[in-house]
Amino acid sequence: MIDLRSDTVTAPTDDMRAAMAAAEVGDDVYGEDPTVRELEERVADLFGFGAALFTVTGSLANVLAIRALAGVGDEVLCESGAHIARAELGAHGAITGVTMRTWSDPRGYADLAAIEAMVAPDMGPFFVATRAVSVENTHNFGGGRVQPVTALEGLRRLADEAGISIHLDGARIWNAHVASGRSLRDLAAVADTLAVGMSKGLGAPVGSLMLGSVEQVAQARVWRKRLGAGWRQAGVLAAAGLYALDHHIERLAHDHANARVIAEALGLDPADVDTNIVVVPTDDAVGVVAGCRAEGVLVGAVGRRIVRAVTHLDVSAGDARHAAAVLAKVL
Ligand SMILES: *Cc1c(COP(=O)(O)O)cnc(C)c1O
């Protein structure tokens with residue numbers, strides 16, 4: 001099977017497993033796992049943040065970040081296809097008690113005019129108070145799009161003027177970095193809090209990080225434990241993340257090239273493929289998924305009329321060409 005459902009499906013490589021097996025560990029709830037601390041410090045520094053917290057999932061990193069910026073009855077603005085709004089099972093409402101209002105952009109871009117029209121940090125005891133705007137880079141359901149620099153710079157100005165915060169959901173910020181050539185610090189400069197994933201394109205089996213100020217991360221550590229997600233000798237997992245930082249960032253360019261190969265074979269405009277996600281319109285997503293499966297290719301239905309193919313570490317150029325041919329035939 002060639003599995004293009006997501007870049008989460010990668011298995012750790014032999015070298016990554018060796019790094020995990022060799023990791024020095026301690027009890028992270030006591031703050032004594034040296035490998036976890038190394039990963040947290042290294043990632044905080046990479047993005048220019050005060051501190052970082054290693055978490056089991058990106059969803060948890062987002063929950064901890066959003067709750068650092070907004071509280072019960074507050075509001076966060078995001079794009080209608082945002083992972084925090086669509087794919088975290090209502091966690092931000094269920095756990096933090098925030099509400100969301102959304103703008104819609106098929107590519108997931110930050111729409112400054114729409115955001116400006118919605119922002120309402122303080123309109124008296126009549127309207128819910130906007131505390132933050134959340135954006136994704138790259139945008140998952142927008143097809144792996146890299147946010148335009150000018151929109152993010154404008155968003156920062158808008159947030160500063162309004163006195164609200166920005167959360168950046170950077171589960172795939174590594175892909176944005178490789179595709180755009182902009183530094184990780186540059187990409188993160190827009191944000192007050194940041195979530196980054198190690199278990200998507202970077203190929204680690206488990207783990208994300210939540211980044212913020214020293215104070216925000218200290219609070220997030222309390223909430224992580226409160227939610228039952230404190231962990232002990234997590235250094236075996238952090239070691240996979242450290243290995244990925246050393247070996248799996250620049251290679252993302254191959255995934256991006258493979259995604260464009262798939263787009264071209266399907267007659268889609270490769271210019272619409274910024275990174276490793278190909279969005280394929282069809283009348284029958286479920287039928288296409290079943291048809292591809294029968295031919296040994298796994299793709300995902302992310303809407304009734306949208307199939308998604310995601311390239312990653314375990315998909316070679318040959319796999320991509322073969323999968324593209326299968327998809328084209330089934331479509
Ligand atoms: C995958 C993803 C996450 C987090 O997913 P987990 O499965 O919880 O690790 C968050 N945001 C975006 C944009 C994602 O694509």
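How many nonpolar, polar and charged residues does the lining of the second largest pocket have, by class?

The model is predicted, so local features need pLDDT of at least 70 and side-chain atom pairs count only at pLDDT 80 or more, whereas totals for chains, interfaces and linings use all residues. Residues are numbered from 1 along each chain as its sequence is written, and side-chain values use heavy atoms, with hydrogens and water left out.

**View 1. The largest pocket holds about 390 Å³ of space.** Its lining numbers 19 residues, and those closest to the centre are Pro-106, Phe-141, Gly-142, Gly-143 and Val-279. A pocket is an open set of points on a 1 Å grid over the protein atoms alone, where a 1.4 Å probe fits, with protein on both sides within 12 Å along at least five of seven lines; lining residues have an atom within 4 Å of a point. Grid points are joined across faces, edges and corners, and the volume is the space filled by probe spheres set on the points. Strand β9 (residues 277–281) contributes the most to this lining, four residues. Helices (H or I, at least four residues) and strands (E, at least two) are DSSP runs, numbered from the N terminus. Domain 1 (12–247) and domain 2 (251–330) each provide at least three lining residues; the domain bounds come from an automatic or database domain assignment.

**View 2. The second largest pocket holds about 280 Å³ of space.** Of its 17 lining residues, Arg-37, Glu-40, Ala-52, Val-217 and Arg-221 lie nearest the centre. At least two lining residues come from each of α2 (34–47), β2 (51–55) and α10 (214–226), and α10 gives the most, with six. The lining has seven nonpolar, three polar and seven charged residues. Ala, Val, Leu, Ile, Met, Phe, Trp, Tyr, Cys and Pro count as nonpolar, Asp, Glu, Lys and Arg as charged, and the others, Gly among them, as polar.

**View 3. Residues around the ligand include Thr-57, Asn-62, His-83, Glu-136 and Lys-200.** By class, the shell divides into one nonpolar, six polar and five charged residues.

**View 4. Gly-58, Ser-59 and Arg-172 each place a polar atom by a ligand oxygen.** In polar contacts (pairs of N or O atoms within 3.5 Å), the distance is 2.8 Å from a backbone atom of Gly-58, 2.6 Å from a side-chain atom of Ser-59 and 2.9 Å from a side-chain atom of Arg-172. The protein covers 84% of the 380 Å² of accessible area that the ligand has on its own, by the Shrake-Rupley method with a 1.4 Å probe.

**View 5. The peptide bond from Asn-137 to Thr-138 is cis.** Its omega is near 0°. Thr-138 sits in the loop between β5 (130–136) and α7 (149–162).

Key: A residue is near a molecule or strand if one of its heavy atoms lies within 4 Å of it. A polar contact is a pair of N or O atoms within 3.5 Å; within protein, one must be able to donate a hydrogen and the other to accept it, and residues adjacent in sequence count only if both atoms are side-chain atoms.
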